[in-house]
Amino acid sequence: GGAAPAVCSPGTAAKPAQGQCTLCDLGTYQPDSGAAGCLECALGTYAASKGLSQCTLCPHPLSSKSGDVICSICKEGFYLRDATALADEIFRYPTKHCKACPLDANCATNTTLETLGVQRDYWRASLLTTEIHACDASDHCS
């Protein structure tokens, strides 16, 4: 007979029919031994190297999409100042790139200056400003 299939350790998964364990890919992890596959990292976590048994939490005030290998979006309550910034730069200098959401604005995860939401009865003059003004007459903000 053939060799017994390997019991894969955390951070690896069994390759069907080969009896071998392979490292979990970037953006994935496996916390258990003997698993058949790897799991995608959840929102707000990342896996920057192969073979991880858990994903790493994004540093404040960053977040990530599921399966990401780096945190390069701003978490809820913050906005990305410059949407053209490189992912590595955002990760290296998070507080330079992610700024606190202005009063009377809405900042869901992955908000940029251009997509900054303004609450009802408020307005801003351009998509490139964080200056938000209250409406002085209801017909001016419809």
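This report describes disulfides, backbone features and selected residue surroundings in a predicted model.

## Basis of the model

The model is predicted: local features need pLDDT of at least 70, side-chain atom pairs count only at pLDDT 80 or more, and totals for chains, interfaces and linings use all residues. Residues are numbered from 1 along each chain as its sequence is written, and side-chain values use heavy atoms, with hydrogens and water left out.

## Disulfides

A disulfide is a covalent bond between the sulfur atoms of two cysteines. Here the term is applied to a pair of cysteine sulfur atoms within 2.5 Å. The structure holds six disulfides, and three of them are described below.

Cysteine 8 is bonded to cysteine 21, with 2.1 Å between the sulfur atoms. This pair connects distant parts of the chain, 13 residues apart: cysteine 8 sits in the segment before strand 1 (12-15), and cysteine 21 in strand 2 (residues 20-23). Strands are DSSP runs of E with at least two residues, and helices are runs of H or I with at least four; both are numbered from the N terminus. The torsion about the S-S bond of cysteine 8 and cysteine 21 is about -95°, so this disulfide is left-handed. Cysteine 8 has a relative accessible area of 1% and is buried, whereas cysteine 21, at 33%, is partly exposed. Buried means under 20% relative accessible area, exposed over 50%, and partly exposed in between, with a 1.4 Å probe and protein chains only.

## Two further disulfides

In the disulfide of cysteine 74 and cysteine 98, the sulfur atoms are 2.0 Å apart. Cysteine 74 belongs to strand 8 (residues 73-74) and cysteine 98 to strand 10, so the pair links distant parts of the chain, 24 residues apart. The S-S torsion of cysteine 74 and cysteine 98 is about -90°, so the link is left-handed. Both cysteine 74 and cysteine 98 are buried.

Cysteine 101 is joined to cysteine 107, with an S to S distance of 2.1 Å. The torsion about this S-S bond is 80°, and the link of cysteine 101 and cysteine 107 is right-handed. Cysteine 107 has a relative accessibility of 7% and counts as buried.

## Backbone features in loops

The peptide bond between histidine 60 and proline 61 is cis, with omega about 0°. Proline 61 is part of the loop between strand 6 (56-57) and strand 7 (62-63).

Aspartate 104 has a positive phi, near 70°, in a residue other than glycine. The loop that holds aspartate 104 runs between strand 10 (98-100) and strand 11 (105-106). Aspartate 104 is partly exposed, at 24% relative accessibility. Asparagine 110, also a residue other than glycine, has a positive phi near 75°. Asparagine 110 lies in the loop between strand 11 and strand 12 (117-118), and its relative accessibility of 35% makes it partly exposed.

## Serine 64

Serine 64 is located in the loop between strand 7 and strand 8. With a relative accessible area of 1%, serine 64 is buried. Contact here means heavy atoms within 4.5 Å. Apart from neighbours within four places in sequence, serine 64 is in contact with Ala42, Leu43, Gly44, Thr45, Cys58, Ile70, Cys71 and Ile73.

Two of these residues also make polar contacts with the side chain of serine 64. A polar contact is a pair of N or O atoms within 3.5 Å; within protein, one must be able to donate a hydrogen and the other to accept it, and residues adjacent in sequence count only if both atoms are side-chain atoms. A polar atom of the serine 64 side chain lies 3.1 Å from the backbone nitrogen of glycine 44. The backbone oxygen of threonine 45 is 2.6 Å from a polar atom of that side chain. The C-alpha atoms of serine 64 and arginine 81 are separated by 16 Å, with the two residues 17 residues apart along the chain.

Threonine 12 lies in strand 1 and is buried, with a relative accessible area of 10%. A polar atom of its side chain is 2.5 Å from the backbone oxygen of serine 9.

Alanine 100 belongs to strand 10 and is exposed, with a relative accessible area of 52%. Beyond residues up to four places away in sequence, alanine 100 touches Gly77, Phe78 and Tyr79. Alanine 100 and serine 33 are 67 residues apart along the chain, and their C-alpha atoms are separated by 41 Å.
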